[in-house]
Amino acid sequence: SIYEMFGNECCLSTGEVIKVIGFKINKLIASICENNEVTQFSAKVELPLNFPGLYKVVADKTPYVSIEEITRKVFIGPTRFGHPCFYSPEDIKLANLTVKHGEQITFNSVEEVNGMMAVNCGVVRNNQSHSFTLPLSQEGKFYECEDDQIYTLKEIAEWKIPKCRNRIVKLSNTLHTWDSSNPLPENFDGCLILTPVYEMQAVMKFRKDIVHILSDLDVEVKDITDCYDISSFLQPLSLEDVFERTSKEFPMVAEIMEGPSGSQKPYNFLHTGKEIVIYKKYQATRVLASEIRSDSPKRHFLIPMSYKGKFKRRPREFPTAYDLEIARTEKEQLHVVATKSFDSTHKELFSVSVGDQFLVQQCQSSEVLYEGRKKVIDVLACEQILSDKYKKVFLPMYMEGGFVEVIHDKKQYQLSEICKEFRLPFNVKVSVRDLSVEEDVLAAVPGLQLEEEITDSYLLISSTSSPAESWEIPVYRLNMSVHLLSKDVQTVVPPATKTTVEEISEEQYYMVRRYENQTFHPPPRPPKKP
């Protein structure tokens, strides 16, 4: 019979042998709830996995009764999402450590220890990490810890919905303006109970693509795993699976079983049935950049260091004196104009008027009179530019004003020069487009803020039919499956590498900002009072 449901078509004949390779959430049924509870009158809406928005996960109040139950129902693994946290309402006494009741336990991995399956765990005490293992046979009550991260719906569906359970999420912030096509009520900021609808991923003996079968398909099957040679089936691999292969296994020839969508190179030739050579895996540097504009949504880009266009500087804006201190460098003096007035409550500190111009010097200590007592505080030493002279003034670091940079530098810079000579974030515009590509997407953007350098995982590939050029493809942002072919690679040395500016979605942008280079974020601003 031929089954067609929601665009998924599949022919299943009597006697057809199917190898199930995985289960995947196809969509989510969301129930709008109040006080984290669903009533019989609650509205239900269907949400695709790419539905926009960022969400906080509400900790499940139903406990797990053993470590074994947690490993069966919760994703635990090496990825950044695969480290769930739990606590026990009672002390857990181990040989070398006692885990206190209410203490947050991080589950890192599952492996065999002394012939028994166990979970590698950790607790943090006084900034020191303590590692230990819990056997799967360990019983007790284990509750989810509160999670302060934010996630896209797709991330929640893939990592944060335990098997056989629903998940309550709270909308953190919407990424797009509301319109009539949005299934959620206007200005909705409450909680949703997400019920997953699964699909089965399978391969058939005489098909080279992955078959998607919805979980509510009415068909009878029989388990013949123990009496069938499953090695005769194709073995689909995701790009993450390929990346986990050892470096010695590269280069390799593969055929695409499920390709990505997109008209930009190289995505336009990565279609089902296409043979590709995967030369190597590696980490590559990109610069995360966002369009400068006051309204939203902004466009976001990952720019390779090989980008051949040139940039000119654009003025930066600084909301506080503290931001001026972060931005200043020894290479050049920072020249700014005040765009907002500020009245100082201390006579030792300067009151700023709109239009005042300053040369930023350095942070230093200064005495001020506060509630009748002298107090030493941090101030920003500047020179005010007057018509015929310079006047030394002190601005409080907590000052909330507004400053815009005055640019004297007319030089054109390569991307690598900017990253080497200046501190990010840095505002620029393209002055000379990249002539090595047909269309430079950055050239049409009136202004860009280069936010930070990130390191990401890539595979270097080329087409077997036209191996004149090779391309870098991102491992974690490209939805693609391949199976390996037992063919020899004709050319071990990859051809000339083409790198492209990758435009990423708002959700991908938040994911990159959340997890990459967290140690480079500036410290919190100082208090608003001395």
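# Reading strands, cores and rings

Q: Which two strands form a hairpin with 5 residues between them?
A: In this predicted model, strands E29 and E30 form that hairpin. E29 covers residues 448-463 and is joined to E30 by 4 bridges, with the two strands running antiparallel.

Q: Which strand is joined to E30 by 3 bridges, and in which direction do the two run?
A: That strand is E32, residues 496-498, and the two run parallel. Here Ser470 has Thr497 of E32 as its bridge partner.

Q: How many residues of strand E30 are buried?
A: Strand E30, residues 469-474, has 5 of its 6 residues buried, and is thus mostly covered.

Q: Where is Ala338 found, and is Ala338 buried or exposed?
A: Ala338 is found in strand E23, residues 334-338. Its relative accessible area is 2%, so Ala338 is buried, the cut-off being under 20%. Strand E23 is joined to E27 (residues 400-405) by 3 bridges, and these strands run antiparallel. The partner of Ala338 in E27 is Phe403. Leaving aside neighbours within four places in sequence, the contacts of Ala338 include Val352, Val354, Phe358, Gly402 and Phe403. Ala338 and Glu405 are 67 residues apart in sequence, while their C-alpha atoms are 9.1 Å apart.

Q: What is the general idea behind a nonpolar core, and which residues touch the most other members of the largest one here?
A: In soluble globular proteins, nonpolar side chains tend to be buried together. The largest nonpolar core here has 23 residues, and those touching the most other members are Leu28, Leu47, Tyr55, Leu153, Ile156, Leu192 and Leu194. Elements that each supply at least two residues of this core include strand E3 (18-33), helix H2 (153-160) and strand E15 (191-204). E3 gives the most, with 4 residues. Apart from this core lies another, of 21 residues, among them Met252, Ile256, Ile276 and Leu478.

Q: Which residues is Leu194 in contact with, leaving aside its neighbours within four places in sequence?
A: Leu194 is in contact with Leu28, Ile29, Ala30, Leu153, Ile156, Asn166, Arg167 and Val169.

Q: How is an aromatic pair described, and how many does a search of the whole structure find?
A: A pair of aromatic rings is described by the distance of the centres and the angle of the planes. The search finds 9 aromatic pairs. In one of them, Tyr307 and Phe311 have ring centres 5.5 Å apart and planes at 35°, so this pair is tilted. Tyr307 is buried at 4% relative accessibility, and Phe311 is buried at 0%. Phe422 and Phe426 form a stacked pair, 4.5 Å centre to centre with 20° between the planes. Phe422 is buried at 9%, as is Phe426 at 2%. Ring pairs also link Tyr64, Phe86 and Phe107 into a cluster.

Q: Which ring does the charged end of Lys163 sit over?
A: The ring is that of Phe75, with the charged end 4.8 Å from its centre. In another case, Lys280 lies over the face of Tyr282, at 5.1 Å from the ring centre.

Key. Residues are numbered from 1 along each chain as its sequence is written. This is a predicted model: local features need pLDDT of at least 70, side-chain atom pairs count only at pLDDT 80 or more; totals for chains, interfaces and linings use all residues. Side-chain values use heavy atoms; hydrogens and water are left out. A nonpolar core is a set of buried Ala, Val, Leu, Ile, Met, Phe, Trp, Tyr and Cys residues joined through side-chain atoms within 4.5 Å. Buried means under 20% relative accessible area, exposed over 50%, partly exposed in between (1.4 Å probe, protein chains only). Contact means heavy atoms within 4.5 Å. Two strands pair if DSSP finds at least two bridges between them. Rings of Phe, Tyr and Trp (its six-membered ring) pair if their centres lie within 6.5 Å; planes under 30 degrees apart count as stacked, over 60 as edge-to-face and the rest as tilted. A charge sits over a ring if NZ of Lys or CZ of Arg is within 6 Å of the ring centre and within 35 degrees of the ring normal.
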